[in-house]
Amino acid sequence: MSTSSAFERRAYYFLSLLDLALVVFLTHRLLLRSLPPLMALLASVGLLLSMPSFATVNYLSACHYLTGLLFSV
């Protein structure tokens with residue numbers, strides 16, 4: 001494996017984690033409109049710890065799903 005390939009993979013994982021962080025942050029901000037702050041925080045953390053979030057970030061080929069979720073929020 002060449003170094004450029006490993007670097008691209010790390011950059012792609014970084015972008016996936018950044019997308020997930022943005023999804024959680026924007027979901028929290030959206031939920032604050034209708035829920036008390038503690039409930040919005042719990043729901044955002046629940047999204048972060050959910051199995052679909054874990055599975056999407058874990059696979060390189062599924063990053064476009066996470067980006068689509070970011071734009072839908």
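**Entry 1: ground rules.** I'm reading a predicted model, so every number here is computed from it.

**Entry 2: Ser 53.** I started in helix H3, residues 51–58, where Ser 53 sits. Is Ser 53 buried or exposed? Its relative accessibility is 8%, and since buried means under 20%, Ser 53 counts as buried. Next I looked for polar partners of the side chain. One of its polar atoms lies 2.7 Å from the backbone oxygen of Leu 47. I also found a polar contact of 3.2 Å between the side chains of Ser 53 and Ser 50. Skipping neighbours within four places in sequence, I listed Leu 20, Leu 47 and Leu 48 as the contacts of Ser 53. So Leu 47 turns up in my notes both for its backbone oxygen and in that contact list, while Ser 53 itself is buried at 8%.

**Entry 3: Ser 44.** I moved to helix H2, which spans residues 37–48 and holds Ser 44. Ser 44 has 2% relative accessibility, so I put it down as buried. Which backbone atom lies 3.4 Å from a polar atom of the Ser 44 side chain? I get the nitrogen of His 28. With neighbours within four places left aside, Ser 44 touches Val 24, Thr 27, His 28 and Leu 31.

**Entry 4: two long-range pairs.** Asp 19 belongs to helix H1, residues 3–31. I noted Asp 19 as buried because its relative accessibility is 12%. I then checked Asp 19 against Phe 71: they are 52 residues apart in sequence, and their C-alpha atoms are 9.8 Å apart.

For the second pair I took Tyr 65, in helix H4 (residues 63–72). Tyr 65 comes out as exposed, because its relative accessible area is 58% and the cut-off for exposed is over 50%. Tyr 65 and Ser 16 are 49 residues apart in sequence, with 9.8 Å from C-alpha to C-alpha.

**Entry 5: the surface.** I finished on a nonpolar patch with about 770 Å² of accessible area together. Its members are Phe 14, Leu 15, Leu 18, Leu 22, Phe 25, Leu 26, Leu 30, Leu 69 and Val 73. Which helix gives the largest share of the patch? H1 does, with seven residues. Leu 22 is partly exposed because its relative accessible area is 35%, a value in between the buried and exposed cut-offs.

Conventions
Residues are numbered from 1 along each chain as its sequence is written. This is a predicted model: local features need pLDDT of at least 70, side-chain atom pairs count only at pLDDT 80 or more; totals for chains, interfaces and linings use all residues. Side-chain values use heavy atoms; hydrogens and water are left out. Helices (H or I, at least four residues) and strands (E, at least two) are DSSP runs, numbered from the N terminus. Buried means under 20% relative accessible area, exposed over 50%, partly exposed in between (1.4 Å probe, protein chains only). A polar contact is a pair of N or O atoms within 3.5 Å; within protein, one must be able to donate a hydrogen and the other to accept it, and residues adjacent in sequence count only if both atoms are side-chain atoms. Contact means heavy atoms within 4.5 Å. Patches are made of residues with over 30% relative accessible area and no salt bridge: like charges are joined within 9 Å, nonpolar side chains (Val, Leu, Ile, Met, Phe, Trp, Tyr) within 5 Å. Accessible areas come from the Shrake-Rupley method with a 1.4 Å probe; for residues, only the protein chains shown count as cover. A salt bridge is a side-chain nitrogen of Lys or Arg within 4 Å of a carboxyl oxygen of Asp or Glu.
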